[in-house]
Amino acid sequence: MPRDFLKDAKDEYDVVVIGSGLAGLTAANVLARAGRSVLLLEQHYKLGGMATWFKRPGGHIFDISLHGFPYGMVKSCRRYWSQEIADSIVQLKHIRFDNPMFSLTTTFNRDDFTRLLTHDFKVDPQAASAFFDTARGMNFYDERSMTTRELFDKFFPGREDVIRLLMEPITYANGSTLEDPAISYGIVFSNFMSKGVFTFEGGTDKLIGLMERELRKSGVDICIKANVTRIDCRGGRVRGVEVNGRTIRAGAVLSNANLNATIFHLIGEQYFDRAFVDEARAVRLNDSSTQVYMALKAEERIDESTGDLLFSSTAPLFRTELLLSRDITSRTYSFYYPRTRPEGRPRCLIVSSTNANYDDWASLNAEDYEESKRDLVETTLDALDKYVPNVRERIDHVEASTPVTFQHYTQHVNGASFGTKFEGLAVSRALPHQITGLYHAGSVGIIMSGWLGAMNYGVIVANEVDSQLMQASRIQTAAVAGGEAGSR
Ligand SMILES: Cc1cc2nc3c(=O)[nH]c(=O)nc-3n(C[C@H](O)[C@H](O)[C@H](O)COP(=O)(O)OP(=O)(O)OC[C@H]3O[C@@H](n4cnc5c(N)ncnc54)[C@H](O)[C@@H]3O)c2cc1C
């Protein structure tokens, strides 16, 4: 008999959370701690969504999206998870750039960037200071007509080298481009500039393991291999979900699945206003990426001066379209030293990432797809040799992932690494106004993306779900009281 992955699930919950990305996990934990009964449903066999890992023979563990996040994670993990999780967050001190315009190493915070801008790039100190203040002062409610390119042109006109230094890491961190609203750059850039770039010591496997323990402590029911196929929204309010052939009732449903998939696949446009459907259709997906995962032989080591994160490019200028081209000129390398997993087997691993277009991969037939992956691996090893000499001889395992891989594992439309572009946030926020009890939290709108953005968005939406449930129970109590008074 096939295993019943829903055997421990009850028939009704206050809240069903669809998807166990960092937004879904955090929302589930916040709601359960607030006293709500919560069911977390994940279609994959592992929790974590993009925050995940995989193992290969030889003791190698690869992290998929553990490259770096801002210091704000410490506070969010302490508040919404545990002190133990927060205490495992450590700084990455060697962030390197290497391109035809400049080569440098930085701690990637305001002090060090001020030093670089004024001493190395000879920028006027007042312009540098005004730029940092402007970026830090940006908030979500600002006007959004200014693009990131216009922001740079205002403070550093004609300085393509400065733009590259300031923009390249953020494009990598959240897929934003020079053409996006400046606020989507300013908020994320300032988050990093406050203290630098951080990582989770122990690896993603340890983080998600600790989170699962907390969820169980908080009383969340967790089901993996539970693929939600429909959110029941009849009559303008959420009633429950259909999952693995079963119906589970809920007062609220919080979807952590892709925004587009939530609206058009799990619900259906007939349940929404025409204007809302048009707005939702216009939301652009974010780009995807390719990765090459490389593990060195057990006895091999990389000198730590190679860096933790290395933004390398052979393109003479920084251009958005070049970043996405299948003809790769930019690669971001993450170097994982044995200290990444102090309790694990000592290993050195490297992950090379490049932003990518879904269609460049999805349109290939099976043979060309495999050939293109082989080419990606070979050209990456060639490029890496500059930083890790004789890498081919020192390597124990290598493999590649593409936008198609991400779509396969997470069901994200077009394998988008960071959900949707900026306009997705307004659509995500509008869902409960369309259907009572329906919520979305997850990578949207650049700011609410990445580990920190997704987690914090989960908290914001969880609090809204809790308020709605509280209001619904007040209305019910008043109706019962009214009924009793009427019958007296
Ligand atoms: C290669 C790569 C590198 C990255 N590097 C970084 C980085 O260095 N720093 C950083 O901060 N961020 C990074 N990110 C981004 C970051 O990982 C994501 O923004 C974040 O993890 C997304 O969290 P989320 O909550 O939006 O959900 P996701 O992680 O997208 O998870 C959604 C979950 O929903 C599940 N699901 C979908 N549909 C259903 C359904 N119908 N039923 C049940 N379950 C369903 C999926 O299986 C998945 O588990 C990276 C992303 C990628 C792809």
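**Close-up 1. Residue classes in the shell around the ligand.** In this predicted model, the shell around the ligand is made up of 14 nonpolar, 20 polar and one charged residues. Among the 35 residues around the ligand, those that come nearest are E42, Q43, M50, H412 and W451.

Close-up 2. On its own the ligand has 1,000 Å² of accessible area, and the protein covers 96% of it. Two or more residues of the shell around the ligand come from each of the elements α1, β13 (288-296), α16 (403-410) and α18.

**Close-up 3. The salt bridge between R249 and E12.** The structure holds 32 salt bridges, and one of them joins the side chains of R249 and E12, with 3.2 Å from N to O. Because R249 lies in strand β12 (residues 246-255) and E12 in strand β1 (residues 12-18), the pair ties together parts that are 237 residues apart in sequence. R249 is partly exposed, at a relative accessible area of 45%, and E12 likewise counts as partly exposed, at 45% relative accessibility.

**Close-up 4. The salt bridge between D466 and R36.** Here the side chains of D466 and R36 meet in a salt bridge, with 2.7 Å from N to O. The pair links distant parts of the chain, with D466 in helix α18 (residues 450-487) and R36 in the loop between α1 (22-33) and β2 (38-41), 430 residues apart. D466 has a relative accessible area of 14% and is therefore buried, since the limit for a buried residue is under 20%. R36, with a relative accessible area of 18%, is buried as well.

**Close-up 5. The salt bridge between R374 and E371 within helix α14.** The side chains of R374 and E371 form a salt bridge at 3.1 Å, N to O. Both residues belong to helix α14 (residues 366-384), where R374 and E371 are three residues apart, about one turn of the helix. R374 is partly exposed, with a relative accessible area of 48%, while E371 counts as partly exposed at 43% relative accessibility.

**Close-up 6. A network of salt bridges.** In this view, E269, R274, D278 and R281 are linked to one another in a network of salt bridges. Side chains of opposite charge can pair when their charged atoms come close.

Technical notes. Residues numbered from 1 in each chain as written. Predicted model: local features only at pLDDT ≥ 70, side-chain atom pairs only at ≥ 80, totals over all residues. Heavy atoms only, no water. Salt bridge = Lys/Arg side-chain N within 4 Å of Asp/Glu carboxyl O. Helix = DSSP H or I, 4+ residues; strand = E, 2+ residues; numbered from the N terminus. Buried < 20%, exposed > 50% of the residue type's maximum accessible area, 1.4 Å probe, protein only. Near = heavy atom within 4 Å. Areas by Shrake-Rupley, 256 points an atom, 1.4 Å probe, with all protein chains shown as cover. Nonpolar A, V, L, I, M, F, W, Y, C, P; charged D, E, K, R; others polar.
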